[in-house]
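This briefing covers one protein chain. The sequence and the structure are shown first, followed by the notes.

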Amino acid sequence: MAEVTFTINDFGGAETVQSGELSKWNFAEGDYVEVDDELCSIETEKIAVQPTSEHDGVIKKLCKAEGDTVNKGDALWIIDTEGKPKEEEAPAKKSKSEETKTEKKTDSKSEPKKESKKESAKSSAPPKQARSAPGSETRVKMSQMRARIAERLKESQNTAAMLTTFQECDMHELMQMRSEYKDAFLKEHGVKLGFMSCFVKAASNALLKERAVNAFIDGNEIVYKDFVDINVAVATPTGLLTPVLRDCDKMSFADVEKEIGLLAEKARSGKMTIPDLEAGTFTISNGGVYGSMMGTPIINPPQSAILGMHGITKRPVVVNDQVVIRPMMYLALTYDHRLLDGKTAVTFLKSIKESVEDPRRLLLDL
């Protein structure tokens, strides 16, 4: 018997993260695992990490229980590398694709029974607890990630002198361009054309013009960034993550859409690493995808500003002295008034509005 102990020495590449909470085991003692199988999920203050097996073999021991705190250097599991899969498991693994095909055929031939629907509903949600008394409540432990998010948001409120300025943006031209070229764009680049790429490019251009928005305060100094790295807020089951799009000023619309898709998938599947989240210079948050009409986003420290996008609503507006119905979006820019004057912030947001309302300006660097 050759037993190998796995110890965790890294939490997604973050030197500052020293511990996490083991949220879930994907395998049990006695199970056979293969190289690169994700054995568990550990939630840290920044991201969730999934340690993988480095060997084929049978799990002899799980060293931690779900809910335990895991520190750097802790042993997580012991594997018998000479262990073999159980006889009944081996054919099951080989015929997994066949079973899937058989299930699909069975489902297509016959309608599912009502009982099976009830069973599936029960398995997808925890059983409802009987109310013990009027005004009863349920308490759960706050995850490290949620606690860290709360800490950073409060730190931002306590540190920055936040002020928000607004604009309303006519989305007519951008929507028309998207409608006209979306099929050709998808065929050429293999990715859908969304609104975010235009806002990222418009913000990149504006950041290069108004360099103070791309700066931050460090003690008694102002640090001006010579590059544009934009954080894009992504909601995940464990909390809000803000992966970074690097060198946005050098990216095309297609580059932006592809990178956003990759980062969003990594965030939702728990594959995000610390380098994916660090060192952005500006943030864009799109509450419009959830139906938000207007809001005041909170700055992502140590940055000096954040752009909030919102829902698109048809409203009557005046165009060339005529009242017409147009798809309108409210834009909000929250900025640190310690560093940015009102004139700089308003000019910056107005530049984004003008670029989105007339995307041709982006091609002409206007």
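Which residues form one aromatic cluster? Phe6, Trp25 and Trp77 do. The model is predicted, so local features need pLDDT of at least 70 and side-chain atom pairs count only at pLDDT 80 or more, while totals for chains, interfaces and linings use all residues. Residue numbers start from 1 along each chain as its sequence is written, and side-chain values use heavy atoms, with hydrogens and water left out.

**Overall make-up**

- The protein has nine helices and 19 strands; helices (H or I, at least four residues) and strands (E, at least two) are DSSP runs, numbered from the N terminus.
- Of the 366 residues, 39% are buried; buried means under 20% relative accessible area, exposed over 50%, and partly exposed in between, with a 1.4 Å probe and protein chains only.
- Among contacts (heavy atoms within 4.5 Å) between residues at least 6 apart in sequence, 65% join residues at least 24 apart.
- The protein exposes about 21700 Å², of which carbon and sulfur atoms supply 50%; accessible areas come from the Shrake-Rupley method with a 1.4 Å probe, and for residues only the protein chains shown count as cover.

**Aromatic pairs**

- The structure holds three aromatic pairs; rings of Phe, Tyr and Trp (its six-membered ring) pair if their centres lie within 6.5 Å, and planes under 30 degrees apart count as stacked, over 60 as edge-to-face and the rest as tilted.
- Phe6 and Trp77 are stacked, at 4.2 Å centre to centre with 5° between the planes.
- This pair links distant parts of the chain, with Phe6 in strand E1 (residues 3-7) and Trp77 in strand E8, 71 residues apart; both Phe6 and Trp77 are buried.
- Phe282 and Phe348 form an edge-to-face pair, at 5.5 Å centre to centre with 70° between the planes.
- Phe282 lies in strand E16 (residues 282-286) and Phe348 in helix H8, so the pair ties together parts 66 residues apart in sequence; Phe282 and Phe348 are both buried.

**Helix H8**

- Helix H8 (residues 342-357) has 16 residues and spans 22 Å from its first C-alpha to its last, close to the 22 Å expected at 1.5 Å a residue; the expected span is 1.5 Å times one less than the number of residues.
- Buried residues in H8 include Thr344, Ala345, Phe348, Leu349, Ile352 and Val356.
- An α-helix has 3.6 residues a turn, so residues three or four places apart point the same way.

**Salt bridges**

- The count comes to 11 salt bridges, each a side-chain nitrogen of Lys or Arg within 4 Å of a carboxyl oxygen of Asp or Glu.
- Asp74 forms a salt bridge with Lys64, with the closest N and O atoms 3.3 Å apart.
- Asp74 lies in the loop between strand E7 (69-71) and strand E8 (75-80), and Lys64 in the loop between strand E6 (57-62) and E7, so the pair ties together parts 10 residues apart in sequence; Asp74 counts as buried, at 18% relative accessibility.
- Asp170 and Arg326 meet in a salt bridge of 2.7 Å, N to O.
- Asp170 lies in strand E9 and Arg326 in strand E19 (residues 322-336), so the pair ties together parts 156 residues apart in sequence; Asp170 is buried, with a relative accessible area of 12%.
- Asp358 pairs with Arg360, with the closest N and O atoms 2.9 Å apart; Asp358 is partly exposed at 23%, whereas Arg360 is exposed at 59%.
- Lys350, Glu354 and Arg361 are linked in a network of salt bridges.

**Surface patch**

- Phe166, Met293 and Met294 form a nonpolar surface patch with about 300 Å² of accessible area together; patches are made of residues with over 30% relative accessible area and no salt bridge, with like charges joined within 9 Å and nonpolar side chains (Val, Leu, Ile, Met, Phe, Trp, Tyr) within 5 Å.
- Phe166 is found in strand E9 (residues 162-170) and is partly exposed, at 36% relative accessibility.

**Backbone features**

- A cis peptide bond, with omega about 5°, joins Pro301 and Pro302; Pro302 is in the loop between E16 and strand E17 (305-309).
- Asp36 has a phi near 80°, a positive value in a residue other than glycine; Asp36 is in the loop between strand E3 (32-33) and strand E4 (40-43) and is exposed at 56%.
- Asp247, also not a glycine, has a positive phi of about 50°; Asp247 is in the loop between strand E15 (244-245) and helix H7 (253-268) and is partly exposed at 33%.
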